[in-house]
Every structure is written in C-alpha cells, then in structure tokens.
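Welcome, and thanks for taking a look at this one with us. Have the viewer open as you read, and follow along topic by topic.

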Amino acid sequence: MVVPGDGRFAVSALAGLRVLDLSRVLAGPFCAQMLADHGAEVIKVEAPSGDETRRWGPPFADAAETMSTYYEGLNRNKANLQLDLRVEEARAVLHDLIADADVVVENFKAGTMQRWGLGYETRLAEEFPRLVYCRISGYGVDGPLGGLPGYDAVLQAYGGLMSVNGERDGDPLRVGVPIVDITAAHQAFAGILLALVERSVSGRGQLVDITLLDAVLSLMHPHSAAYLRAGVVAERLGAAHSSVAPYQVFATAGQGTLFVAAASDAQFAALTDVLGRPELADDVRFRRNRDRVTNREDLVAELRPLFLAVGADDLAEKLAERGVPAAPVNNVAEALTSPQARHRAMVVDDGGYRGVGVPIKLSRSAPVPPRAPAPPGADTARVLAEHGYTPDDIAVLRRSGALGQLPLA
C-alpha cells in the first residue's frame, strides 16, 4: 500500500480549490470535509450560535464540552469564520466571500439565500458565472413537499428504507447510522466534482441540486428494481437477503455471531462442506439459489445447529480459505482497531486529533494531514484580511454585530 507522506505523492488533488461551507449538521459539512481532505481550502461560516451539532453530546471532544465528537467528525481541515447573517453588513461580507469561491455548499431552509438577496438563480449565477453552487435540501425547493425540512430518520421512513429494515415480525427500524445524510453528502461531493469537470470545458459553473429524498430512493436497490419491474413490494427479512440465501447472520459457539454471504451454488457447496454436511448441497430443496430462497426457513433450520458448533473467528477463517464471504459481526471498536482497517489508514491520529481516515485513495495525490476543527470564529480576522479587509474594516464589522460577540483579534 502507498502511504501518504512517503514521497511518492504529488500535491493533493483539489489543492487551490476554494470552497465556502455555509452548511450545518451532517450532509453539507461532511461533503465539505471530503473536499477539504483532498486539499480544497474550505471556509466554514457559522452563526454566533454555532452549528448545533457542536452541542450534540455526550461524548464531547474537549473537557469544556464546547465540541461534540459528532461535530468533530464532520468539520476537520476547515477554517472557521463567524457571521451573523441577520445583519446586513454580514451579508455583504458573505457576498465578498462568494465572489472569491469556486464552490458554495449550503443547506439553509428553502428560500433563505433568496431572502438575503443572494439567491443562486436570481443573482449569483449571473454575477459569478463560474460558481459551482451546491444546494442540499430535504425534498427540493418545489413540488408537493418542496421546502419542507429534511431529517435523516424521517426520510428513512418516507423513502421506504425503514420499511425493509428490521425483523419480519418486528417494527420498522431506523438504520443505525444517518445513512441518508451520509449518502447525500457523497452525492453532493460527486456532483460538485462533476460540475467542476464540466466547468473546465464550458467555463461555467452550475447548480448541484441534492435532496435527501433522492438520496434515500437511490439506496433502495434491489427492492426498487423488484417493484418497478415486477410489482414486488419488499418485506422486512432482518439480516437476510430478499434474493439470495443463505445471506444472513448466524449465531455461533459462545457469544459470537457470523455473517455469511453464500451467493452462488459453488459457495453454498463449500459452506456445507466446511460445516460437515456436504449432502445439503445436493438436497433438492437447496440445489440452486432460487430453491434456497423458496425454502429459506427449511434451509436456516438445517444450518443453525451447524453454526452453533463452531466459533465465529475460526469458522470465518475456514470459509475464507474456501472462498465463501463471511465475517464476524464486529462492534465499532473492533472494526476500527482491526488490522486491515489500520493497514488501510482508516484511523488517523496525530496526537491532538483522532478520526476516521480518508476512504478515497489516489495513487499520486495525497490527502492533507488531518487538522482538528477550529473553535467558533477562530479564523475570522485572518480570513477577512486575506479577502482584503483592513483591521479598521474588521473593527467596524465587529461593532455592527456582523461577526457576533467575539473578542478583538
């Protein structure tokens, strides 16, 4: 594996890109963090009250409880500037920052930028034709639900995801991570890069329109395909797969659990051989995948006692040797401290900051070293000075309330 910092890397892939992060909570901040990880200069603008996720704890990243681990995980490698956008002078500063930006990321309530006189369609697109403007919303700005706020779990429910998550005889369950927000963040990241590639040809920026609704619907394969092409409405199956069997969690000896994905007939035959019951592969009920899906309950009844006779780690090793995908069900600590996660540099630790590593590895371009999120407004004076504001200008802004209640810097 090529390790960042070993001398074989060119500059970071997005070095020189200027990004203005006007977003809060998850999808927008995570998208902007990914851009920052790959070298973009990202300025996060926060209201005097701060991004509310700063207070989403415990746990907190500092003894004073001013920064939650939730916030810390989404806002590294960004400069931090504080503006009270209720104040006219602050909106004038924001306009100046947009003028120098390649990319703007925002997830304000629909119509907010328009109300401030900074709407993309009505002003910014014409004034700054090279600007790539990424808007993230719950349902979009128009249509029957246009303008409604978006919340991850609500979209999991509305978008069908919750209906397929949980045990067959149990209640619908929220996926245990904010998967809709995370997916929207990745789609915003991709959309911004697409727009930048197109700009390199046309010379013009454009709107990147991301919604949580679109994100969750895009996640619904294979259930969406089954409905759209065959009219089949998916039901909850716990950890099992609707179209493949066995493809689920099994309890093993002791307290272990193992996920097994025997997705082909050959893998099923290898699984039954390892479990000491090779004749099951020739059983008329289980010969083909379609037979195993049809007779899922019989199949699981045959397999469960066999798994209970072997430990999860030992069985996972034996199955890997035979080409059967399987893994113990790790908790978060076990996953992050696993040898392979460490090998892939998926935990970064510089002594002052510890977080999840950068998942997109490039052969020549290195991510930037991680830098912990800044305190609220820590970079306000520096950023404004870099954008042409004199000390007197900054003092006037402070007195106007545009920069919130900050000590002089």
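Which helix gives the largest share of the negative patch? The answer is helix α13, residues 312–321, which supplies three residues. Please keep in mind that this is a predicted model. The chain holds 409 residues, and its secondary structure comes to 17 helices and eleven strands.

**The chain as a whole**

- Along its principal axes, the C-alpha trace spans about 85 × 50 × 45 Å.
- Buried residues make up 42% of the 409 in the protein chain.
- The accessible surface is about 20800 Å², and carbon and sulfur atoms account for 55% of that area.
- Among contacts with a separation of 6 or more, 65% join residues 24 or more positions apart.

- Helix α10 covers residues 265–274, and its buried residues are Gln267, Phe268, Ala270, Leu271 and Thr272.
- Setting aside residues up to four places away in sequence, valine 274 touches Leu315, Lys318, Leu319 and Arg322.
- Serine 218 is 56 residues from valine 274 along the chain, and their C-alpha atoms are 37 Å apart.
- Just after α10 comes glycine 276, whose phi is positive at about 85°.

**The segment before β1**

- Alanine 10 is placed in the segment that precedes strand β1 (18–21).
- Its relative accessibility of 41% makes alanine 10 partly exposed.
- Beyond its neighbours within four places in sequence, alanine 10 is in contact with Arg364, Ser365 and Ala366.
- Between alanine 10 and alanine 234 there are 224 residues of sequence separation and 48 Å of space, taken C-alpha to C-alpha.

**Backbone details to check**

- Proline 58 and proline 59 are joined by a cis peptide bond with omega of about 0°, and proline 59 is found in the loop between β2 (41–46) and α2 (69–72).
- Another cis peptide bond runs from histidine 221 to proline 222, with omega near 10°.
- Proline 222 is located in the loop between α8 (212–218) and α9 (223–230).
- Glutamate 65 is a residue other than glycine with a positive phi, near 60°, and the loop between β2 and α2 is where glutamate 65 lies.
- Asparagine 77, also not a glycine, has a positive phi of about 60°.
- The location of asparagine 77 is the loop between α2 and β3 (78–82).
- Is asparagine 77 buried or exposed? Asparagine 77 is buried, because its relative accessible area is 5%, and buried means under 20%.

Key. Residues are numbered from 1 along each chain as its sequence is written. This is a predicted model: local features need pLDDT of at least 70, side-chain atom pairs count only at pLDDT 80 or more; totals for chains, interfaces and linings use all residues. Side-chain values use heavy atoms; hydrogens and water are left out. Helices (H or I, at least four residues) and strands (E, at least two) are DSSP runs, numbered from the N terminus. Buried means under 20% relative accessible area, exposed over 50%, partly exposed in between (1.4 Å probe, protein chains only). Contact means heavy atoms within 4.5 Å. Accessible areas come from the Shrake-Rupley method with a 1.4 Å probe; for residues, only the protein chains shown count as cover.
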